[in-house]
Amino acid sequence: MTEGELGLTSLVAASQSPWRSVLNGQQRDAALSVAREVAARTSAGERIAAALSMAGQQTRYPEVTRWLPYSLASGDVGIAVLCSYVDQCQPGDGWDSAGHDFLAAGILAAEEIGLRDSGLYGGLSGLEFAATSLSRHGTRYRRLLDVLDAELAPHLLAGAENLRGTQGSMPVETFDLVSGASGVAAQLLVRDRHQQLPALLDGLVRLSLPMDGGPGWRTPPELMHEGMRQTFPTGNLNCGLAHGIPGPLAVLSLALRAGYEQPGQVDAVQALVGWLLEHRSDDEWGINWPCAIPWPDDPRSLPHGWPPPARSAWCYGSPGVARALWLAGDALDDDGLKGFAVEALAAVMRRPLDARSINSPTFCHGVAGLLQVVLRFAHDTHLRFLTEAAELLVSQLLAAFDPRRPLGYAALEPGDNPVDRAGLLDGAAGVAMVLLAAATDTEPTWDRLFLLS
């Protein structure tokens, strides 16, 4: 598909048009009905408890099915964000009160353990994201937000120093979206009362500089988890939006777009774009990326050969990388780069369902995450093929809805093993939010936590 066929000469900036549902008629009604039902189930404490008990019996990975009340990814705090969005879609129905209860449970749990982690998905930044989401533009939760600001401040300064001091050899948790500086910076773009964003942006800019003959963000094997270390025994450079360099690229680009610019930031964005364009792993359907590139960049260092393309998910693969590149193109006013990002997503949609390898309906590595990426691109471009892609993905999600399950949706583990999970990142709550984004005219500003807007 060429630029002319895609209509890339008439790309529409997101800021110039209001959010509108991409669905019509019966499909919109069906998506809205399922979204409301799943939201009601995932915000019912007894349903969450029942699903959690079942998940313990179902899962092959018990360490990742834990429910942590203070967690945005898999806890009450994430459900509070769901309630906030439903409240925006359906004001006056009591969802703000429900969100308050979930947020309060998360805050209490954080106090009980003395939470000090500043990360977005399981730390203080996530608490602040949820409180800000429920605050109705800062008119509520003022005292709580002030407390969280003060609690976060010293940890953010330490994080910025750590980022600058470990370049050239660091775990992805130092800079990634889920636990590191990119996620914290994403929240600071929403609220930054102590003006700490510049220090984090400076650290992320420095991350893009070469160190000791290689990229400053490479990870040695001793700082990887076991599965990644077996695949990349000499070290790697992560290519996923959730844990890799697309996260810093996206947040640096979002900051530029919002008017925050540190010295060297534009150069850093251009350098990271160049690296991603150079390290593709295309397949028969088009543009693609692997989950990571070996370091040193030598196929002889890999026991199983050069890494194949990743699955077509938000966390790893073309959808997440394409969105980071689009944001960079928007920040740099580079229509060619934005067109390349759209073509990368077009390649995803050309792949047969099996080739996408995202059988789960959930967000992180499932259909909901891909759908949210497509919705953002459809809004930004007004391209018909993206609206049609969104319609197909909504149909896929509606077909996966099972009212017999406690939450309506189950996450699928490897081998398509169903596990009943409520959480935002890999559970039914995330599916409900994406269906609402597809079926309503209420902008899903919550997807900042996924670095999609």
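1. Arg-376 is buried, with a relative accessible area of 2%. Please keep in mind as you read on that this is a predicted model. What does Arg-376 form a salt bridge with? Its partner is Asp-447, and the closest N and O atoms of the two are 2.7 Å apart. Arg-376 belongs to helix H16 (residues 367-381), while Asp-447 lies in the segment after helix H18 (428-439), so this pair ties together parts that are 71 residues apart in sequence. Asp-447 has a relative accessibility of 0%, so this residue counts as buried too.

2. Now look at the salt bridges of the whole structure. How many salt bridges does the structure hold? There are 24. As a reminder, side chains of opposite charge can pair when their charged atoms come close. A second example to find on screen is the one between Arg-191 and Asp-146, at 3.4 Å from N to O. This pair links distant parts of the chain, 45 residues apart: Arg-191 is in the loop between helix H8 (181-188) and helix H9 (197-207), and Asp-146 is in helix H7 (residues 142-165). Buried or exposed, where does Arg-191 fall? Arg-191 is buried, with a relative accessible area of 8%. Asp-146, in turn, counts as partly exposed because its relative accessibility is 47%.

3. The side chains of Arg-384 and Glu-391 meet at 3.7 Å, N to O. Arg-384 is partly exposed, at a relative accessible area of 49%. Salt bridges can also share partners: Asp-87, Asp-96, Arg-136 and Arg-140 are joined into one network in this way.

4. Next come the cysteines. How many disulfides does a search of the whole structure find? The search finds 0. For Cys-239, the nearest cysteine sulfur is that of Cys-291, 7.5 Å away, and Cys-239 is in no disulfide. Cys-239 is buried, with a relative accessible area of 1%. Cys-364 is in no disulfide either, and its nearest cysteine sulfur, that of Cys-315, is 3.9 Å away.

5. In one of them, the ring centres of Trp-289 and Phe-340 are 6.3 Å apart and the planes meet at 80 degrees, which means the pair is edge-to-face.

6. Trp-314 and Phe-363 give you another pair to compare. Their ring centres lie 5.7 Å apart with the planes at 70 degrees, so this pair is edge-to-face. Trp-314 sits in the loop between S4 and helix H13 (318-332), and Phe-363 in the loop between helix H15 (353-356) and H16, so the pair ties together parts 49 residues apart in sequence. Trp-314 and Phe-363 are both buried. They also belong to one aromatic cluster, together with Tyr-85, Tyr-121, Trp-446 and Phe-450.

7. The charged end of Arg-323 sits over the ring of Phe-377, 5.2 Å from the ring centre. Likewise, the charged end of Lys-338 sits over the ring of Trp-326, 5.0 Å from the centre of that ring.

8. Ala-390 is in helix H17 (residues 384-400) and counts as buried, at 0% relative accessibility. Leaving aside residues up to four places away in sequence, Ala-390 touches Val-22, Leu-371, Val-374 and Leu-375. The C-alpha atoms of Ala-390 and Ala-438 are 7.9 Å apart, although the two residues are 48 residues apart in sequence. Asn-236 is in strand S3 (residues 236-238) and counts as buried, at 2% relative accessibility. With residues up to four places away in sequence not counted, Asn-236 touches several others, including Arg-218, Met-224, Pro-294 and Trp-295.

Conventions: Residues numbered from 1 in each chain as written. Heavy atoms only, no water. Helix = DSSP H or I, 4+ residues; strand = E, 2+ residues; numbered from the N terminus. Buried < 20%, exposed > 50% of the residue type's maximum accessible area, 1.4 Å probe, protein only. Contact = heavy atoms within 4.5 Å. Salt bridge = Lys/Arg side-chain N within 4 Å of Asp/Glu carboxyl O. Disulfide = S-S within 2.5 Å. Phe/Tyr/Trp six-rings, centres within 6.5 Å; stacked < 30°, edge-to-face > 60°. Lys NZ or Arg CZ within 6 Å of the ring centre and 35° of its normal.
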